[in-house]
Amino acid sequence: MNRDKTVIKWIDEISRVIIQKKDNQLEIEQKTSANDLVTNMDKWVEKELVERIRSAYPEDRILGEEGFGDAVENMSGTVWFVDPIDGTLNFILQNENFALMLAVYEDGVPVQSYIYDLTLNKLYKAIKGEGVSCNEQLLSEPANVSLSEGMLATNSSIMIEDKYDKVRKIARKSLGLRLVGSAGLETVEVAKGSIAAYIATNLKPWDIAPGILFMEELGLKATQFNNEPLDLLKNNNIVFATPKAHDEIMKLMNI
């Protein structure tokens, strides 16, 4: 079985367990703050995926949110990124708007990415050189719209913290602002052409690793706020956007 089919099989099997047990009483722990939470389900999913990756691909390294992977200090060889439940707060409080995410990189180059919207049963997949699909139906390259022609998605810290005032100015240039609370699902909206750009602060490597290949395959932009390439060994302030919207955002940030 090739790696793509293997990953899809894993996602299918593990997601069935999540759906089956998501209404059960969760064990919830606080990580860094009251809105940075982890559940027993996050931990189980990551542990299960890490064990499967280690068994099938013992030479590969893994960077996962809940710490079951490796201490990855460089991007040489094959590196997997695992986000077991992206949007844990949504998972706990809303019971929707969360995703399971995986990405595979070869020597720093993204080759496979998966974002599975469990609530809607939609698996978004990007394979290098083969485009992006939703439930195996290829997505078209989104229209290259400007900020004034589309909506902007962001994360909540931008709206709360005063130091991101420039980003609020960017939001005012768009048709409207949207906050979902899941980096993966916001990424999907850019890939579908539903929003012109997604801007977010302090995202972890596993939050953005799948989305980079989505952007590359669809002719979209993926950079840091300073227009530098994204660094998958640290946290990033990110812009995923159409080329037109990206250019506008860079100018509004005075870059």
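## Aromatic pairs

Tyr105 counts as buried because its relative accessibility is 1%, where buried means under 20% relative accessible area, exposed over 50% and partly exposed in between, computed with a 1.4 Å probe on protein chains only. This is a predicted model in which local features need pLDDT of at least 70 and side-chain atom pairs count only at pLDDT 80 or more, while totals for chains, interfaces and linings use all residues. Residues are numbered from 1 along each chain as its sequence is written, and side-chain values use heavy atoms, with hydrogens and water left out.

The structure holds six aromatic pairs, counted when the ring centres of Phe, Tyr or Trp (its six-membered ring) lie within 6.5 Å, with planes under 30 degrees apart called stacked, over 60 edge-to-face and the rest tilted. One of them joins Tyr57 and Trp80, whose centres are 5.6 Å apart and whose planes stand at 35°, so this pair is tilted. It links distant parts of the chain, since Tyr57 is in the loop between α2 and β3 (61–64) and Trp80 is in strand β4 (residues 78–86), 23 residues apart; helices (H or I, at least four residues) and strands (E, at least two) are DSSP runs, numbered from the N terminus. Trp80 is buried at 0% relative accessibility. Phe81 and Tyr105 form an edge-to-face pair, 5.3 Å centre to centre with 70° between the planes, and this pair also links distant parts of the chain, with Phe81 in strand β4 and Tyr105 in strand β5 (residues 99–106), 24 residues apart. Phe81 is buried too, with a relative accessible area of 0%.

## Salt bridges

Ten salt bridges are found in a search of the whole structure, each being a side-chain nitrogen of Lys or Arg within 4 Å of a carboxyl oxygen of Asp or Glu. Among them is the bridge between Asp4 and Lys125, with the closest N and O atoms 3.0 Å apart, which links distant parts of the chain: Asp4 lies in helix α1 (residues 3–21) and Lys125 in strand β7 (residues 122–127), 121 residues apart. Asp4 is buried at a relative accessible area of 19%, and Lys125 is buried at 9%.

Asp12 and Arg16 meet in a salt bridge at 3.2 Å, N to O, and both lie in helix α1, four residues apart, about one turn of the helix. Asp12 is partly exposed at 36%, whereas Arg16 is exposed at 55%. The side chains of Lys192 and Glu189 also meet in a salt bridge (3.2 Å, N to O); being three residues apart in helix α6 (residues 183–192), they are separated by about one helical turn.

## A buried aspartate

Asp117, in strand β6 (residues 109–117), is buried yet has no salt bridge, and the nearest side chain of opposite charge, Lys122, is 6.9 Å away; Lys and Arg count as positive and Asp and Glu as negative, while His and the chain ends are not counted. Leaving aside its neighbours within four places in sequence, Asp117 is in contact (heavy atoms within 4.5 Å) with Phe98, Lys122 and Leu185. The side chain of Asp117 reaches the backbone nitrogen of Thr119 at 3.2 Å.

How values were computed: Polar contact = N/O pair within 3.5 Å; in protein donor to acceptor, adjacent residues only side chain to side chain.
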